Amino acid sequence: MAKDSIQAQAFNQLESVRTIKKSQLENYIASLKSSLLVLNGDPSTAIALKKFAEATASSGISSNSWQALEQQYGENFTRINNLNAWYDLFLIDNTGTIVFSAAKESDLGMNIDSSSLADGSMGTVFNLSLIHISEPTRP
């Protein structure tokens, strides 16, 4: 009898922990979605992406034009990255080239599909986003 009672109590506690963790995870994901929607809805993000993509394609990430864009937009994106406590914030053009990185690590300027990034989560997410973009919008 006592053994059954202890076992039932243990299972109840585990179920409570599972419920709490599920709620925390759902809240975290909702928070990430909200942050990304803010970036997505901000016209300056689209403008910055276009300009960074053009500068990267024409003269690379070491060029004066890219550096000027980093001066213009970098502080804002780095602030957003830090406020959200993300590891990094990327701007990626339609070809898969990382044209901006708040952390400025070695992946800046890499093309996802033609690098080691293709086999990881970055490649998976990028390719899924291309599928999503190419699907027609349903009313």
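Trainee: What is the relative accessible area of Lys-104?
Mentor: Lys-104 has a relative accessible area of 34% and is partly exposed. Buried means under 20%, exposed over 50% and partly exposed in between, with a 1.4 Å probe and protein chains only. The model is predicted: local features need pLDDT of at least 70 and side-chain atom pairs 80 or more, while totals for chains, interfaces and linings use all residues. Residues are numbered from 1 along each chain as its sequence is written, and side-chain values use heavy atoms, without hydrogens and water.

Trainee: Where is Lys-104 found?
Mentor: Lys-104 sits in the loop between E2 and H4. Its phi is positive, about 55°, although Lys-104 is not a glycine. Helices (H or I, at least four residues) and strands (E, at least two) are DSSP runs numbered from the N terminus.

Trainee: Which residue forms a salt bridge with Lys-104?
Mentor: Glu-70 does, and the closest N and O atoms are 3.1 Å apart. The rule asks for a side-chain nitrogen of Lys or Arg within 4 Å of a carboxyl oxygen of Asp or Glu. Glu-70 belongs to helix H3 and Lys-104 to the loop between E2 and helix H4 (121-134), so the pair ties together parts that are 34 residues apart in sequence.

Trainee: And Glu-70, buried or exposed?
Mentor: Glu-70 counts as buried, at 15% relative accessibility.

Trainee: How many salt bridges does the count come to?
Mentor: The count comes to one salt bridge.

Trainee: Which side chain does the side chain of Asp-93 make a polar contact with?
Mentor: The partner is the side chain of Thr-95, at 2.7 Å. The Asp-93 side chain also reaches the backbone nitrogen of Thr-97, at 2.9 Å. A polar contact is a pair of N or O atoms within 3.5 Å; within protein, one must be able to donate a hydrogen and the other to accept it, and residues adjacent in sequence count only if both atoms are side-chain atoms.

Trainee: Where does Asp-93 lie, and what else is it in contact with?
Mentor: Asp-93 is in the loop between strand E1 (90-92) and strand E2 (98-101). Apart from neighbours within four places in sequence, Asp-93 is in contact (heavy atoms within 4.5 Å) with Leu-49, Ala-53, Val-99 and Phe-126. Ala-53 is one of the buried residues of H2, which also include Thr-45, Ala-48 and Phe-52.

Trainee: On to the rings. How many aromatic pairs are there?
Mentor: The count comes to five aromatic pairs. Rings of Phe, Tyr and Trp (its six-membered ring) pair if their centres lie within 6.5 Å; planes under 30 degrees apart are stacked, over 60 edge-to-face and the rest tilted. One of the pairs joins Phe-52 and Tyr-73, which is tilted, with 6.2 Å centre to centre and 55° between the planes.

Trainee: Which helices hold Phe-52 and Tyr-73?
Mentor: Phe-52 is in helix H2 (residues 43-59) and Tyr-73 in helix H3 (residues 64-83), so the pair ties together parts that are 21 residues apart in sequence. Both residues are buried.

Trainee: What of Tyr-73 and Phe-77?
Mentor: Their ring centres are 6.5 Å apart and their planes are at 25°, so this pair is stacked. Tyr-73 and Phe-77 are separated by about one helical turn because they are four residues apart in helix H3. Phe-77 is buried, as is Tyr-73.

Trainee: Which residues do the ring pairs link into a cluster?
Mentor: The cluster comprises Phe-52, Trp-66, Tyr-73, Phe-77 and Phe-100.

Trainee: Back to H3. What does Asn-81 touch?
Mentor: Leaving out residues up to four places away in sequence, Asn-81 touches Trp-86, Tyr-87, Asp-88, Leu-89 and Ala-102. Asn-81 lies in helix H3 and counts as buried, at 4% relative accessibility.

Trainee: And Ala-85, where is that found?
Mentor: Ala-85 is in the loop between H3 and E1. Ala-85 is exposed, with a relative accessible area of 67%. Its phi is positive, about 55°, although it is not a glycine.

Trainee: Finally, what pattern does the chain follow?
Mentor: Along the sequence, the pattern is α-α-α-β-β-α, with four helices and two strands. Of the 139 residues in the chain, 28% are buried. Among contacts between residues at least 6 apart in sequence, 38% join residues at least 24 apart.
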